[in-house]
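Dear colleague,

I am passing this structure on to you, and I would be glad if you read the notes below with it open beside you.

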Amino acid sequence: MNRAGLSRLQMVLALAAGLTGLVGLVLSLPSLGAAPLLALFFALSTVSLARFVLPLTVWLDGALAVLAAIALLAGLTTGVTLPGHHWLALLAGWAFAWLFVERLAAAIRAGSLPETGTSLLIPTVFGLALLVIWEVVTRGANVPPVILPPPSAIGARFVTEIPILWADFVQTFVKSVLPGYAIGCLAGLGVAILVDRSPFLKAGIMPIGNFMSALPIIGIAPIMVMWFGFDWQSKAAVVVAMTFFPMLVNTVAGLNAASAIERDLMATYAASYRQTLLKLRLPAAAPFIFNALKINSTLALIGAIVAEFFGTPVVGMGFRISTGVGRLAIDLVWAEIAVAAIAGSAFYGVIALIERGVTFWHPSVRGGRA
Amino acid sequence: MNRFIPVLTIVLAILVIWYAAAIPMNAAWQTTLNTRAELVDLSFASFATQTWNQDKPVLPAPHQVVGEIWNATVALEFTSRRSLAFHAWITLSATLLGFALGTVLGVGLAVAIIHNDASDRSLMPWIIASQTIPILAVAPMVVVGLGAMGLTGLVPKSLISMYLSFFPVVVGMVKGLRSPEAIQLDLLRTYDASSWQVFWKLRWPAAMPFLFASMKVGIAISLIGAVVAELSNAAGGGLGVRLLTGSYNGQTVQIWAALFIAAGLAAILVAIVGSAERWVNARMGVRV
């Protein structure tokens, strides 16, 4: 720490940002009137070098990063590769964003900023910075949209194609994923409870179950398409097969989680097998079961989409992705990816929320970090 | 060894169910064939034998799959386009390259996260979010996209494998590198150890069990990533291509054989990581 209150990494970043701004200012002098915002940013970042004499607030770095983003996005024109000093602005803006995040993290650790709210700000800044860089690089360097479309084009496509995206979502998620997920998880749970009664079966099935969970089960997709036809039934079947084994293995492990002393207590109460199962062992297995439910939530969506590559009616997310690639409608494909990511995260999030409600007693939930 | 008999029993049961299921599943087509050939009054035994030996059965019998695996690996030249060993090698090389890249990336990210508060707070949520993008589902598109940029062959497939396998490694290594307890860190501080020494003498050894557990998951999904990435590029070869062409031509036996080869490959890879784990543990003096 020095007078400006910065660590060594922060000093390097501050110096890099300020000096890049200075160079950018010199380079942009000939075209000063063309991009006034950019010139303003360069000037201000040069001024920020004053921090080595006079401490500057962390929020100023954030404001400079935002100014850089606005200036860069405003300076984008179609069909023209950006001149050199724009790239310097991108570099300086990135340095400011990084510096901002570094100083925020340091301030949170030192306790001078509250944890709630501020800690959400850091990943948000990182994500927005990625989006801005993506937009500026793809449009500024004239990357062909066939290779990587800019986020703005994907967003526009998303909005105009909502009916198609919704139909695909219903076909893939509502018709294939949800029934397959429900059947696979319930079957895994049921078989695990049955197997649990017989040590012989448990000894036989557990190694095979562990082995099966590591296999590329997704490869059965062509077989399922042959057996169950092109429509959602074959996709649901793939999802069932993919979700069954993780559930089986986790539940069997979870049913052993209740300790001997707790089982002894149930025995002294003269509890029946059923009572012990419902009141002790299944609740004790809940963290394991939810672990499997969370793993399966992402597996299920992937399984359904990949299964659609092997044959599908003319609707569905996998169908749209494979034909979109063929027709070079890459922005539609990315919109479909966004739908899949949102659906997958929401599915995972719902299960995580239910888990917090059901396993409120577990140390990992009580500690506040799931 | 007391696990051997139960496992063997279950495997035998699966085989019996498989053979039994093959009869009704292939029966309809076999009946059609027999009617055309004007074969009547077949005994059940010979009808069952027929259903187990069809050319393109709905469900191939186990011995057909084993026979196809034998014919397509040992009986063929390795360089033949029909050799499953050749295709398995293509998939395996992509898997291994992707797994190596993913492990290096994962360990690197974990080290950055451990040593820098800002990267912990900014990276970790996005690493988790990165896995909600079903990259496996868009793997064929990524391969096509990278192909347009001049990247073909092994590299695009390995990148998919890398994307899938770095995640468990990051999560496991962050946990592992943070696993030394405060009292152990304090001891090193009383020794005036540098952060370099703390890393190599305490954090790294403490993270080894976590690393191997993650690597077992990582290598399995690397293989899946490589197989799915192959679906888009029929000319490139690989087990995924065999699955796809088998599916287009109705060659069920070929699909099952490719599937079993992939399964065997996954089992071998996980077993290799497992034995590496035991070797490292033994060298580090871990008593089981």
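How much area is buried between chain A and chain B, and what percentage of that area do carbon and sulfur atoms give? Please keep in mind that this is a predicted model. The area buried between chain A and chain B is about 4,000 Å², and carbon and sulfur atoms give 83% of that area. On the side of chain A, the residues that lose the most area to chain B are P216(A), W227(A) and F310(A), which together make up 14% of what that side buries.

Counted by residues, 44 of chain A are in contact with 50 of chain B.

Several helices of chain A each supply at least two residues of the side that touches chain B, among them helix 4 (84-110), helix 5 (118-140) and helix 12 (273-307), while the largest share, eight residues, comes from helix 8 of chain A. Sorted by class, this side of chain A has 36 nonpolar, five polar and three charged residues.

There is also a nonpolar patch on the surface, formed by F200(A) together with F4(B), I5(B), L8(B), V11(B), L12(B) and L15(B), and these residues have about 630 Å² of accessible area together. Helix 1 (residues 4-36) of chain B gives the most to this patch, with six residues, and I5(B) lies in that helix.

With best wishes

How values were computed: Residues numbered from 1 in each chain as written. Chains lettered and ligands numbered in written order. Predicted model: local features only at pLDDT ≥ 70, side-chain atom pairs only at ≥ 80, totals over all residues. Heavy atoms only, no water. Contact = heavy atoms within 4.5 Å. Buried area = accessible area lost by both parts, 1.4 Å probe. Helix = DSSP H or I, 4+ residues; strand = E, 2+ residues; numbered from the N terminus. Nonpolar A, V, L, I, M, F, W, Y, C, P; charged D, E, K, R; others polar. Patch = residues over 30% accessible without salt bridge, like charges linked within 9 Å, V, L, I, M, F, W, Y side chains within 5 Å. Areas by Shrake-Rupley, 256 points an atom, 1.4 Å probe, with all protein chains shown as cover. Salt bridge = Lys/Arg side-chain N within 4 Å of Asp/Glu carboxyl O.
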